[in-house]
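Please examine the sequence and the structure shown here before reading on.

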Amino acid sequence: MSSLLIVGITVFVLASFIGFEVITKVPPTLHTPLMSGSNAISGITLVGAVIAATAGGDVLATVFGFLAVTTATINVVGGFLVTDRMLGMFRRPKRPDEEAS
Amino acid sequence: MSDAARDLVYLAAAAAFIIGLKRLGSPRTARSGNLIASTGMLVAVVVTLLDLEIIEWWALVAGLVVGGAVGVLLALRVQMTSMPQLVAAFNGFGGAASALVAGAEFIRLEQVELPVETILTMILSVVIGSITLTGSFVAFAKLQGLVSGSPVTYPGMRFVNGALAVGAVGLVVWAQATQEPLAFWLAGGSALLLGILVVNPIGGADMPVVIALLNSLSGLAAAMTGFVITNSALIISGALVGASGLILTKLMTEAMNRSLSNVLFGAFGGGDSGGGSAAETGDATSTSADDVAIALAYASRVVVVPGYGLAVAQAQHALRELMTELEARGVEVAYGIHPVAGRMPGHMNVLLAEADVPYDQLLDLDQTNNLLPRTDVVLVVGANDVVNPSARDDAASPIYGMPILEVDKAATVVVIKRSLSPGFAGIDNPLFYLDRTKMLFADAKKAMTDLVSALETV
């Protein structure tokens, strides 16, 4: 195995631990926005899609790239937007000083 | 821009995602967290564009325009009740993007002899992405009602799926050993088929688990793509989403008292009439809106337990009106929400938030159960199995062990329901026959408006 792969695996494992720590603290009330928001984050594949769409060469590869950019953009734009729309509905309590935890 | 500078920007984007998720820890900070994460995404995409030597423009521009337009349209037009379908579709698009990127890389590098590990990550990215794609769209079709929500099974189903899974693994091994294009594409094709065949037998009631699991897979696919193009931003984000989906999957299976393999291979959920002990059938006490209004008006604490029937009847707004009226009379009100009250994790909370319920009144399972013994009236609207005491008391019950909202600990229980018919698990509910339980037989929305007008005369 190349050292590049090892670095990749290391990053993956450590990021998974961070994910578990951070996400177990998200309250059940926000689990739907968490799903749509994290889905938008997985749209980071767009970075790979942009590379695939613009590299030229094989036509089939470019078509794949176009489809990848399209689907990833739907994910990113739609995901963040709908999450924002949902979170905008969560109204502040009327009496923040009396807020129960 | 140097490679180092670009990679540092990717790191900043990954940090923005983690901060964004962290801020989802409270409704107060969540919206700004989402903004931070989306800014991170924008920066990552812009730096990629600046850094690239762009040979083909059309595919990029066309993809961004089409994808952006579709994304905006879907996000702004979706009804909150349809959120599970939308998230399923987004999962599918995410899986597709990962599979397509890896596929494009494979085509471009077909003439180059690749190290084994590169081919392996490519093919895993294609396989996981493809399963996510077709699995998500079957889930979407079931939730949207395009195909039957009941489990679809046939004899020898497990054998076929098992054989296909083994075949896919064989193709993966073959493809990574030889870099043979035929094996590569066949592996992708069998993964597409597998996604359909695995999700199709799963009943509509189990879709919350399936969506959460597919959410996790879409993250894993993105991480694999990160290995293919050696990009740590993708690896980090993919790992975060993978972890998030796994946690939600676990929470959902626990709330349903099922194991993951039981959900995936059990073909339960709807259609299955689990016998149930009808031992405690006695007389249910019927009541009227006027009597309930009096009980509510003179209570010091009222807890509502909403089920999906509430959303089906579009009664969230009427319910909130009733609760606001009670609050104005000095009654303390709260909403007790079971994890599977909606059609996906947290779904009921969003539906109530849309109806303007303040988020500090939305309580989870434990918070509600702590409050119920000190509650005067609990109002059960459109919920059934999640308040069934058999899950706690009757070891013979099919739902025994499922965590429930213990509404029978409150002083008075009012159940709003159209009839005494059992819920979709087909299990009788002894709660209905308790002395402290009063049944208000009505459609949820009509019951709410009746209660509001009855309250005016109290």
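## Two residues with positive phi

B:Asn257 is placed in the loop between helix 9 (232-255) and helix 10 (260-266) of chain B. Helices are DSSP runs of H or I with at least four residues, strands are DSSP runs of E with at least two, and both are numbered from the N terminus. The phi of B:Asn257 is near 60°, a positive value in a residue other than glycine. Most residues other than glycine have a negative phi. B:Asn257 counts as partly exposed because it has 16 C-beta neighbours inside 10 Å. A residue is buried if 20 or more other C-beta atoms lie within 10 Å of its own, exposed if 12 or fewer do, and partly exposed in between, with C-beta atoms placed from the backbone.

B:Asp356 also has a positive phi, of about 75°, although it is not a glycine. B:Asp356 lies in the loop between helix 14 (347-354) and strand 4 (362-363) of chain B. With 13 C-beta neighbours inside 10 Å, B:Asp356 counts as partly exposed.

## Basis of the model

The model is predicted: local features need pLDDT of at least 70, side-chain atom pairs count only at pLDDT 80 or more, and totals for chains, interfaces and linings use all residues. Residues are numbered from 1 along each chain as its sequence is written, while chains are lettered from A and ligands numbered from 1 in the order in which they are written.

## Chain A

Chain A has 4 helices and 0 strands, and from the N terminus on its elements run α-α-α-α. The C-alpha atoms of chain A fill a box of roughly 65 × 35 × 15 Å, taken along the principal axes. A compact globule of 101 residues would have a radius of gyration near 13 Å, whereas chain A has 19 Å. This radius is taken over C-alpha atoms, and the globule rule is 2.2 Å times the number of residues to the power 0.38. Of the 101 residues of chain A, 61% count as buried.

Helix 4 (residues 59-87) of chain A has 29 residues and, at 1.5 Å a residue, should span 42 Å; its end C-alpha atoms are 42 Å apart, which agrees. The expected span is 1.5 Å times one less than the number of residues in the helix. Because 24 of its 29 residues are buried, helix 4 of chain A is largely enclosed by the rest of the structure.

## Where the chains meet

How many residues of chain A are in contact with chain B? There are 82 in chain A, in contact with 95 residues of chain B; two residues are in contact if their C-beta atoms, placed from the backbone, lie within 7 Å. Helix 4 of chain A gives the most to the side of chain A that touches chain B, with 27 residues. The residues of this side divide into 46 nonpolar, 29 polar and 7 charged. Here Ala, Val, Leu, Ile, Met, Phe, Trp, Tyr, Cys and Pro count as nonpolar, Asp, Glu, Lys and Arg as charged, and the others, Gly among them, as polar.

## Chain B and its sheet

The secondary structure of chain B comes to 17 helices and 7 strands. Of the 458 residues of chain B, 56% count as buried. Its C-alpha atoms fill a box of roughly 80 × 50 × 35 Å, taken along the principal axes.

An open sheet of 7 strands in chain B has the order 1-7-6-5-2-3-4, with parallel pairing. The edge strands are strand 1 and strand 4 of chain B, each of which pairs on one side only. Two strands pair if DSSP finds at least two bridges between them. Strand 1 (residues 285-286) of chain B is joined to strand 7 of chain B by 2 bridges, and B:Ser286 stands opposite B:Met439 in strand 7. Strand 6 (residues 412-417) and strand 7 of chain B pair over 5 bridges, with B:Thr437 as the bridge partner of B:Val413. Strand 7 (residues 437-441) of chain B is mostly covered, with 4 of its 5 residues buried.

## The nonpolar core

The largest nonpolar core has 198 residues, and those with the most contacts inside it are A:Ala68, A:Val69, B:Ile123 and B:Val380. Helix 4 (residues 83-108) of chain B gives the most to this core, with 16 residues. Such a core is a set of buried Ala, Val, Leu, Ile, Met, Phe, Trp, Tyr and Cys residues joined through C-beta atoms within 7 Å.
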